[in-house]
Amino acid sequence: MIGSAHRLIYPLAGLCVIVVLWQGYVDLAHVSKIVLPSPMDILRASWQRYDLLLRETVPTALESIYGFALAIVIGIPLAVCVTNSRVLNLALYPILIATQSVPKVAVAPIILVWFGLGMQSKLAIAFLVAFFPIVVDTATGLQATPAGLMELARSLRASRWQTFWKVQFPAALPFMFSGAKVAVTLAVIGAVIGEFVGSVNGLGNLLLSANSQLDGPLAWAALVWLSVLGIVLFLGVALAERILMPWAGSGHH
Amino acid sequence: MQQSTQSAERRPVDAARAFGHFKDVRQEFLLPTHSNFVAIENITFDLKSGSLVSLLGPSGCGKTTFLKIVGGLIRASSGVIEINGEAVDEPHADFGMAFQQPNLMPWRTVLKNVLFPMELRNDTGAHVTRRAKELLKLVGLEGFEAHYPAQLSGGMQQRVALCRALVHEPKLLLMDEPFGALDELTRMEMQDLLLAIRVKTNATIMFVTHSIAEAVYLSDVVVVFSKRPAVIADYIDVALPYPRTAEIRYSVEFTELEHRAGRALGITR
């Protein structure tokens with residue numbers, strides 16, 4: 001397929017140009033490795049410290065995935081409640097918006113006091129940041145069912161339960177997935193925030209300790225691994241979307 | 001139920017028995033400005049069993065409102081609406097509806113879209129699937145059962161919607177400008193398809209359109225609605241022979257009927 005090849009080639013070409021310019025600048029201007037390591041330095045660190053990076057990736061990945069999964073398990077039912085009950089909508093929605101305006105970084109130390117230095121505190125922070133886009137997008141999707149489909153359901157005497165499960169919920173799936181894509185990358189950020197505030201392992205922890213040891217290449221390698229983790233999780237959600245929504249990819253022929 | 005004996009003669013309509021009865025139907029809406037506006041009033045006519053009746057009128061005149069009242073989707077402000085001797089105040093299991101938009105579910109395949117009404121009734125045996133497939137074959141969509149709506153053209157989607165409206169074998173088929181969004185050629189194809197389907201079912205059909213030619217071509221009776229507030233401007237018996245073919249569109253009788261409908265709409269003198 002020419003289309004998907006193009007989508008791969010252009011960003012890769014862009015990345016190559018940036019990497020070459022970066023390498024050239026660092027080599028020609030003799031920038032210190034502590035300030036800005038060259039792409040080759042970062043690559044070498046990623047290669048030589050492979051086992052260390054992989055070991056530290058595991059807890060960060062798990063914190064992100066669990067936090068994200070919890071956000072889905074709690075967020076989607078909550079969105080369903082909020083859209084189906086006027087009372088719950090009036091009672092919960094403003095609170096939801098209000099909690100979202102609290103900066104998560106500021107809450108992180110408190111959560112650490114509650115859950116300790118282990119995985120639970122990172123999971124909680126990842127959950128907190130991933131939760132909001134899932135609730136909001138699901139609620140939006142459930143309220144955006146095409147009027148024609150609602151009328152069809154009514155003309156066929158569909159019960160409220162049938163209307164929800166067979167019409168509103170599937171119609172909201174594209175919204176849920178766009179929320180989930182945002183949420184999964186936010187979950188990684190949440191996990192790293194947690195690790196920054198206090199942790200014993202994880203890529204965020206490694207990044208901080210490498211930085212304090214003035215090991216620029218390792219700190220940057222941790223950064224690269226973090227973004228790769230984010231991309232992999234994003235692709236995982238995109239793959240789930242293709243599997244669960246096979247109709248979305250089928251265009252006009 | 002009346003026998004459908006489709007032959008070269010005019011389709012027999014049981015004049016003695018009114019399937020639908022509408023008397024002084026009136027609908028007003030309350031506007032946000034707290035003033036009332038009357039959409040339709042004094043709508044009185046009988047719907048004969050097995051007939052195809054078109055509601056013809058200018059855009060926005062209230063003919064769709066009336067159709068939805070008959071279908072039980074809107075409660076009329078006042079008046080009598082009876083189908084099969086029963087007052088209509090909610091959608092009935094014996095009704096089938098086709099809308100201006102196909103309203104297919106993009107996440108369901110063609111076959112699953114057609115089966116949707118049966119699924120809501122928890123009636124999904126093998127015979128039901130067979131019936132759905134027969135309908136799809138009838139509208140020329142054999143082999144498209146596993147396609148998704150996004151893979152079909154507008155005309156094909158509207159055919160799927162037609163199958164869905166027919167799958168539970170409704171006694172009354174309500175169609176709200178179902179071919180309005182199609183191009184002229186597809187539209188004429190769909191009109192012939194509807195006439196062919198009509199032969200196979202015993203359904204009474206009420207068909208909303210703003211096309212004079214479409215109304216005359218399809219119907220036994222054309223009920224012409226005036227501009228808002230809509231009243232019945234004319235009630236035209238279409239005495240054209242069956243089966244209807246493209247040639248009929250160029251006959252003198254056809255043109256005269258078009259002319260009469262045009263006069264009722266205030267387009268021609």
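**Close-up views of a predicted two-chain model**

**View 1. Asp24(B), a residue with a positive phi in a strand of chain B.**
Asp24(B) is exposed, because 12 other C-beta atoms lie within 10 Å of its own, and a residue counts as exposed at 12 or fewer. The model shown in this and the following views is predicted. Asp24(B) belongs to strand β1 of chain B, which covers residues 18-30, and its phi is near 50 degrees, a positive value in a residue other than glycine.

**View 2. His30(A), a residue with a positive phi in a loop of chain A.**
His30(A) is not a glycine, yet its phi is positive, at about 50 degrees. The residue sits in the loop of chain A between α1 (2-29) and α2 (39-48). With 6 other C-beta atoms within 10 Å, His30(A) is exposed.

**View 3. The cis peptide bond between Tyr242(B) and Pro243(B).**
The bond that leads from Tyr242(B) to Pro243(B) is cis, and its omega is near -10 degrees. Pro243(B) lies in a loop of chain B, with β10 (232-237) on one side and α7 (252-265) on the other.

**View 4. The packing of helices α6 and α8 in chain A.**
Helix α6 of chain A, residues 119-143, packs against helix α8 of chain A, residues 160-197, with the two axes 7 Å apart and an angle of about 160 degrees between them. Since angles over 145 degrees count as roughly antiparallel, α6(A) and α8(A) are therefore roughly antiparallel to each other. The crossing in which α6(A) passes α8(A) is right-handed. The residues of this contact between α6(A) and α8(A) comprise 22 nonpolar, nine polar and three charged.

**View 5. The packing of helices α7 and α8 in chain A.**
Helix α7 of chain A spans residues 147-155, and its axis comes within 11 Å of that of α8(A), the two crossing at roughly 170 degrees. The helices α7(A) and α8(A) are therefore roughly antiparallel to each other. Leu149(A), Met150(A) and Ala153(A) from α7(A) meet Thr163(A), Val167(A) and Ala171(A) from α8(A). By residue class, the contact of α7(A) with α8(A) holds five nonpolar residues, one polar residue and no charged residue.

**View 6. Asp41(A) and Trp47(A), two residues of helix α2 in chain A.**
Asp41(A) is placed in helix α2 of chain A and is partly exposed, with 18 other C-beta atoms within 10 Å. When residues up to four places away in sequence are left out, Asp41(A) touches Lys33(A) and Pro217(A). Asp41(A) and Ala221(A) are separated by 180 residues in sequence, while their C-alpha atoms are 8.8 Å apart in space. Trp47(A), also found in α2 of chain A, counts as exposed, with 10 C-beta neighbours inside 10 Å. The C-alpha atoms of Trp47(A) and Gly148(A), which are 101 residues apart along the chain, are separated by 57 Å.

**View 7. The largest nonpolar core and another core apart from it.**
The largest nonpolar core has 76 residues, and Cys163(B), Val222(B) and Ala261(B) are those with the most contacts inside it. Helix α4 of chain B, residues 154-166, gives the most to this core, contributing six residues. Beyond the residues up to four places away in sequence, Val222(B) touches Ser54(B), Leu56(B), Ala215(B), Val216(B), Ile236(B), Val238(B) and Ala261(B). Another core, of 54 residues, lies apart from the largest one and includes Val82(A), Leu128(A), Ala219(A) and Ala221(A).

**View 8. The contact between chain A and chain B.**
Chain A brings 17 residues to the contact and chain B brings 16 residues. On the side of chain B that touches chain A, twelve residues are nonpolar, four are polar and none is charged.

Taken along the principal axes, the box filled by the C-alpha atoms of chain A is roughly 75 × 55 × 30 Å. Of the 253 residues in chain A, 36% are buried. Where contacts in chain A join residues at least 6 apart in sequence, 77% of them join residues at least 24 apart.

Notes. Residues are numbered from 1 along each chain as its sequence is written. Chains are lettered from A and ligands numbered from 1 in the order in which they are written. This is a predicted model: local features need pLDDT of at least 70, side-chain atom pairs count only at pLDDT 80 or more; totals for chains, interfaces and linings use all residues. Axes are lines fitted to C-alpha atoms, for helices over the stretch in contact, and angles run from 0 to 180 degrees between N-to-C directions. Helices (H or I, at least four residues) and strands (E, at least two) are DSSP runs, numbered from the N terminus. Angles under 35 degrees count as roughly parallel, over 145 as roughly antiparallel, 65 to 115 as roughly perpendicular and the rest as oblique. A crossing is left-handed if the near helix is turned anticlockwise from the far one by less than a right angle, and right-handed if clockwise. Ala, Val, Leu, Ile, Met, Phe, Trp, Tyr, Cys and Pro count as nonpolar, Asp, Glu, Lys and Arg as charged, and the others, Gly among them, as polar. Two residues are in contact if their C-beta atoms, placed from the backbone, lie within 7 Å. A nonpolar core is a set of buried Ala, Val, Leu, Ile, Met, Phe, Trp, Tyr and Cys residues joined through C-beta atoms within 7 Å. A residue is buried if 20 or more other C-beta atoms lie within 10 Å of its own, exposed if 12 or fewer, and partly exposed in between; C-beta atoms are placed from the backbone.
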